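Good morning. I will talk about one protein model, its ligand and its pockets. Please have a look at it first.

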Amino acid sequence: MPADSIRLNTRVAAISGKTVELESGETISAEAVVVATEGPEANRLTGLEPALGSRSVFCLYFSAPEPPYLEPMLTLNGGGHGIINNLCVPSQIQPSYAPENRALVSVSVLGGAHRDMRTMETVVRDQLKRWYGLVVTEWKLLHIYRIAHALPALTSVEWQLPNQIQPGLYVCGDHRGTPSIQGAMESGRLAAEDVLAARSPAAPAAAAVPPSATDN
Ligand SMILES: Cc1cc2nc3c(=O)[nH]c(=O)nc-3n(C[C@H](O)[C@H](O)[C@H](O)COP(=O)(O)OP(=O)(O)OC[C@H]3O[C@@H](n4cnc5c(N)ncnc54)[C@H](O)[C@@H]3O)c2cc1C
């Protein structure tokens with residue numbers, strides 16, 4: 001591919017037919033446009049009616065003098081008490097993820113949209129202290145992210161929306177199939193197959209894989 005085929009950090013402001021308008025005002029026309037954003041943004045860009053809501057998540061990252069445990073594992077809140085859903089130490093897999101001579105601790109909290117960042121940190125720290133003790137007071141908060149559209153709020157495992165919404169305009173992502181990385185990749189593959197099929201009208205389109213057959 002030519003070096004300038006992929007543009008990073010370039011937001012699309014609007015789509016009209018098969019023409020994309022970037023936030024810079026530049027327009028790009030193409031044979032096919034594939035929209036691979038989160039569901040609400042795909043709806044805004046294409047004029048689709050919202051089909052699913054979204055589930056939000058808070059991600060808190062701490063720098064710790066020592067990792068709370070040495071194993072490269074995901075800790076799930078099996079007790080059901082407190083707001084932390086899961087925790088991991090990514091620097092136990094890749095040390096360069098953490099500041100030098102520190103451990104990177106990642107904490108996920110599902111929902112909690114009504115809480116502000118400061119309250120979220122306080123409540124999470126209280127729970128971490130119950131799990132790991134006062135050493136947590138030495139953990140430095142690096143950043144809190146609130147991801148509004150972390151996952152589509154799916155209610156049926158049979159959910160699968162078509163990728164082509166009009167000639168030359170396609171939408172893909174976890175919101176068109178199953179809410180997961182696997183579902184997003186499958187949706188992207190199905191969209192690519194639709195694009196290829198449209199370019200070669202004589203070739204039969206590949207059969208769609210039922211989501212339940214490949215769900216995680
Ligand atoms: C904290 C967290 C943990 C998760 N853990 C797991 C897990 O363990 N396993 C799993 O299977 N799934 C997990 N998921 C879900 C998984 O990440 C998603 O299902 C998947 O990333 C969806 O992929 P996608 O390509 O549909 O959309 P996204 O990954 O959301 O990509 C959409 C992209 O579109 C870009 N974009 C948006 N608007 C515009 C615009 N106007 N112009 C240009 N670009 C735009 C965004 O910047 C983004 O890069 C997790 C999600 C979160 C938030």
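This is a predicted model: local features need pLDDT of at least 70, side-chain atom pairs count only at pLDDT 80 or more; totals for chains, interfaces and linings use all residues.

Residues are numbered from 1 along each chain as its sequence is written, and side-chain values use heavy atoms, with hydrogens and water left out.

Now the ligand. Which residues come nearest to it? There are 18 residues around the ligand, and V12, E38, E41, D174 and I181 come nearest. Being near here means having a heavy atom within 4 Å of the molecule. By class, this shell has nine nonpolar, five polar and four charged residues. Ala, Val, Leu, Ile, Met, Phe, Trp, Tyr, Cys and Pro count as nonpolar, Asp, Glu, Lys and Arg as charged, and the others, Gly among them, as polar.

An N or O atom in the side chain of E41 is 2.7 Å from a nitrogen atom of the ligand. For the side chain of R11, the distance from an N or O atom to a ligand nitrogen is 3.4 Å. I181 uses its backbone instead: an N or O atom there lies 2.8 Å from an oxygen atom of the ligand. Taken alone, the ligand exposes 1000 Å², and the protein buries 58% of that. These areas come from the Shrake-Rupley method with a 1.4 Å probe.

Where does the shell come from? β5 (53-64), β9 (140-153) and α3 (181-199) each give two or more residues to it, and β9 has the largest share, with three. Helices (H or I, at least four residues) and strands (E, at least two) are DSSP runs, numbered from the N terminus. Domain 1 (3-52 + 156-214) and domain 2 (54-153) each supply at least three residues of the shell; the bounds come from an automatic or database domain assignment.

Now the pockets. On a 1 Å grid over the protein atoms alone, a pocket is an open set of points where a 1.4 Å probe fits, with protein on both sides within 12 Å along at least five of seven lines, and lining residues have an atom within 4 Å of a point.

The largest pocket holds about 770 Å³ of space, a volume being the space filled by probe spheres set on the points. Its lining has 22 residues, with T10, V12, V20, L22 and V34 nearest the centre. β4 gives the most to that lining, three residues.

The second largest pocket holds about 310 Å³. Its lining includes D174 and I181, and β5 provides the largest share, three residues.

How values were computed:
A polar contact is a pair of N or O atoms within 3.5 Å; within protein, one must be able to donate a hydrogen and the other to accept it, and residues adjacent in sequence count only if both atoms are side-chain atoms.
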